[in-house]
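Could you walk me through this structure, one selection at a time? I have it open in my viewer.

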Amino acid sequence: MRIYIKHFLFFFIASISFNTYSQIEEINPTEEIKTITFKGDTPESQLPILRLGEYLVLEFDVLNGNEDDYYYEIKHYNYDWTPSILVESEYLQGFNEQRIRTWDNSFNTYQIYSHFTLKIPNQQTRAITKSGNYIITIYNEDDEIEFTRKFMIYEDIANVGLAIKRSRDVSDIKERQSVDIAINSSALRFNNPLETIKTVIIQNNNLKTAIMNIKPQYILGNELQYRYIKETSFYAGNEYLYFENKDLRGANTGVQFIELIELYNSHLYRNILRADRDYTYNQYINGNFLITALDTDNPKIGADYAQVHFTLELNKLSKGQTVHVYGNFNNYTLDETTQLSYFEDESTYEGKLLLKQGFYSYKYVIKNKDGSIDENAISGNFHQTENNYKVLVYYRDLGARYDRIIGVGEANSINITN
């Protein structure tokens, strides 16, 4: 019988009172686990927001060649990411805490790894039956947590309309984008919507910068409208940088040259400070990534790993400030693994990351001494920037026991209006 000490510790910490959306953080993987691809029906990895009944796919590589066993556990959460009171049988059909049964070893690669694939529903976990927030925990045979990831399941019973506008505040009209929202449903009668309806607004699938706890501004019959000046606006940022190393024998997009030293080393072109330059349109996948390789029919086990070298021309920052490479490929993590080092002679920040072959969208951000993040000090803010926005609508009716997600709206700022 397993004793879930670490699971208990994780969920005990999670159950402490949290006031903001980002205070319960996902657990990032150990060094030997790479390329966590988490998605639904999209080709690239991104935050999974799935309609009830759709499938979920989680894949990852383990770079030790030991063919270890890994297990998964799914838990239901409230709107604010505190554990819900639902018991497992109320939101899952089948079994939880099961071994991941699909895996294969890499083939013809310099970097040896085992590739694990988990698809839900499966024979053991037959269905997720309730909408809402979820966390999946991956742990090893010693019951140690390897990493966690968040995902959401929604019911399609509310219409969520979005309109992306330039900021209504003239002081930052060139730098921000505002999200107007209209919510209605023919299947539900909203009771006391100021208390029972909650929303989350997500820019570019990044939960860490999501806006929450915004109440409806206008209630017109059974339609809820949000037309705020500041409360639903985001800094627009700039287009993400990108590179592609699907061919490790020749330089691809964004790669200056490649050399083989035990593993392949892909040296990217130098990047520069863009905050003081003109905006240039360049639409891509907004921080997400896609594993792909030219010389294999199965990139899951045939794509190799490369040390990708990043270089940013930038004057030295103030003491306590650090520069990080930021994107979905590292789950928007800011720690020692994503931090660049400063080189005085070149006036550059440089670093390398071990990444699987593919197409990667990324940006540079600054982490301040107090732990706050300045996402756009290096890239700048331009209202023309193409961004993806999603709005999740949560509903807990009077007397209900959990927060349902009753609808999702999505829009792109490419057609932004005043």
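A polar contact here is a pair of N or O atoms within 3.5 Å; within protein, one of the two must be able to donate a hydrogen and the other to accept it. Keep in mind on this tour that the model is predicted.

**Stop one: a loop lysine.** Select lysine 208, in the loop that runs between strand 14 (197–203) and strand 15 (211–212). Now show asparagine 331 as well: its backbone oxygen lies 3.0 Å from a polar atom of the lysine 208 side chain.

Asparagine 204 counts as buried because its relative accessibility is 3%, and the cut-off for buried is under 20%. Display its surroundings and you will find Tyr240, Asn286, Tyr332, Asn387 and Asn388 touching asparagine 204, leaving aside residues up to four places away in sequence. With asparagine 387 there is a polar contact, side chain to side chain, at 2.8 Å.

Finally, colour the five strands in the order 2-11-10-4-6; they form an open sheet with mixed pairing. Strand 2 (49–51) and strand 6 (98–99) are at the edges with a single partner strand each, so one side of each has no neighbour in the sheet. Zoom in on strand 4 (residues 70–77), which pairs antiparallel with strand 6 over two bridges. There, tyrosine 72 stands opposite glutamine 98 of strand 6.

Conventions:
Residues are numbered from 1 along each chain as its sequence is written. This is a predicted model: local features need pLDDT of at least 70, side-chain atom pairs count only at pLDDT 80 or more; totals for chains, interfaces and linings use all residues. Side-chain values use heavy atoms; hydrogens and water are left out. Helices (H or I, at least four residues) and strands (E, at least two) are DSSP runs, numbered from the N terminus. Two strands pair if DSSP finds at least two bridges between them. Buried means under 20% relative accessible area, exposed over 50%, partly exposed in between (1.4 Å probe, protein chains only). Contact means heavy atoms within 4.5 Å.
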